[in-house]
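Please read the points below with the sequence and the model open beside them. They go through the chain residue by residue and pair by pair.

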Amino acid sequence: MNRLNETEHAAWIGYRRMRLLLDLQIQRDLMRDSGLSEPDFHVLSNLSEATGQRMRLTELAAHLRWSKSRLSHHIGRMEGRGLVSRQEVAHDGRGAAIVLTSRG
């Protein structure tokens, strides 16, 4: 196993701390500027790139690497804010499509 020397270890710890602080600042800026959380942003960005700005819940959960339950709860909160809507899939009654709204 490759072990780090003291200098490499200190550099790695410094990098990890800087990365954590940068991620936190990006999240704060996103919330301040748009009112969106990081999970909101990930959902919206995936939908905005999808054909018809819609994805099945199972497909979106797989893209995000989230459980269907977690995504379903999060989508419910986003629906309440008018960012997305759930629509039945006409040819398949097994699930819903998550659709980006004009507000989202």
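1. R65 counts as exposed, because its relative accessibility is 74% (buried means under 20% relative accessible area, exposed over 50%, and partly exposed in between, with a 1.4 Å probe and protein chains only). R65 lies in the loop between α3 and α4; helices (H or I, at least four residues) and strands (E, at least two) are DSSP runs, numbered from the N terminus. R65 is not a glycine, yet its phi is positive, at about 60°.

2. The model is a predicted one, in which local features need pLDDT of at least 70 and side-chain atom pairs count only at pLDDT 80 or more, while totals for chains, interfaces and linings use all residues. Residues are numbered from 1 along each chain as its sequence is written, and side-chain values use heavy atoms, with hydrogens and water left out.

3. Q53 also deserves a look at its backbone. Its phi is positive, about 50°, although Q53 is not a glycine. Most residues other than glycine have a negative phi. Q53 sits in the loop between α2 and β1 (54-56), and it counts as partly exposed because its relative accessibility is 35%.

4. Helix α1 covers residues 6-34. It has 29 residues and reaches 42 Å from its first C-alpha to its last, close to the 42 Å expected at 1.5 Å a residue (the expected span is 1.5 Å times one less than the number of residues). At the start of α1, a side-chain oxygen of N5 comes to within 3.0 Å of the backbone nitrogen of T7. After α1 comes G35, with a positive phi near 75°.

5. What makes up the nonpolar surface patch of about 690 Å²? Its members are L4, W12, I13, Y15, M18, L22 and I26. Patches are made of residues with over 30% relative accessible area and no salt bridge; like charges are joined within 9 Å, and nonpolar side chains (Val, Leu, Ile, Met, Phe, Trp, Tyr) within 5 Å. Accessible areas come from the Shrake-Rupley method with a 1.4 Å probe, and for residues only the protein chains shown count as cover. Y15 is found in helix α1 and counts as partly exposed because its relative accessibility is 36%.

6. How many salt bridges does a search of the whole structure find? The search finds 5, where a salt bridge is a side-chain nitrogen of Lys or Arg within 4 Å of a carboxyl oxygen of Asp or Glu. Side chains of opposite charge can pair when their charged atoms come close.

7. R32 and D29 form one of these salt bridges, at 3.2 Å from N to O. Both residues lie in helix α1, 3 residues apart, which is about one turn of the helix. R32 is exposed, with a relative accessible area of 58%, whereas D29 is partly exposed at 26%.

8. R81 and D40 meet in another salt bridge, at 2.5 Å from N to O. R81 lies in the loop between α4 (68-80) and β2 (84-89) and D40 lies in helix α2 (residues 38-49), so the pair ties together parts that are 41 residues apart in sequence. D40 counts as buried, because its relative accessibility is 2%, while R81 is partly exposed at 33%.

9. E79 pairs with R86 in a salt bridge, the closest N and O atoms being 3.0 Å apart. E79 is partly exposed, with a relative accessible area of 30%, and R86 is partly exposed, with 32%. Elsewhere, salt bridges that share partners join D29, R32 and D33 into one network.

10. H74 is buried, with a relative accessible area of 9%.

11. A61 and L64 are both worth checking in helix α3. A61 is placed in α3 and counts as buried because its relative accessibility is 3%. Not counting residues up to four places away in sequence, A61 touches W66, S67, K68 and L71. L64 is found in α3 (residues 57-64) and counts as buried at 14% relative accessibility. Leaving aside neighbours within four places in sequence, L64 is in contact with H42, V43, N46 and L71. L64 and V43 are 21 residues apart in sequence and 7.7 Å apart in space, C-alpha to C-alpha.

Definitions and conventions
Contact means heavy atoms within 4.5 Å. A polar contact is a pair of N or O atoms within 3.5 Å; within protein, one must be able to donate a hydrogen and the other to accept it, and residues adjacent in sequence count only if both atoms are side-chain atoms.
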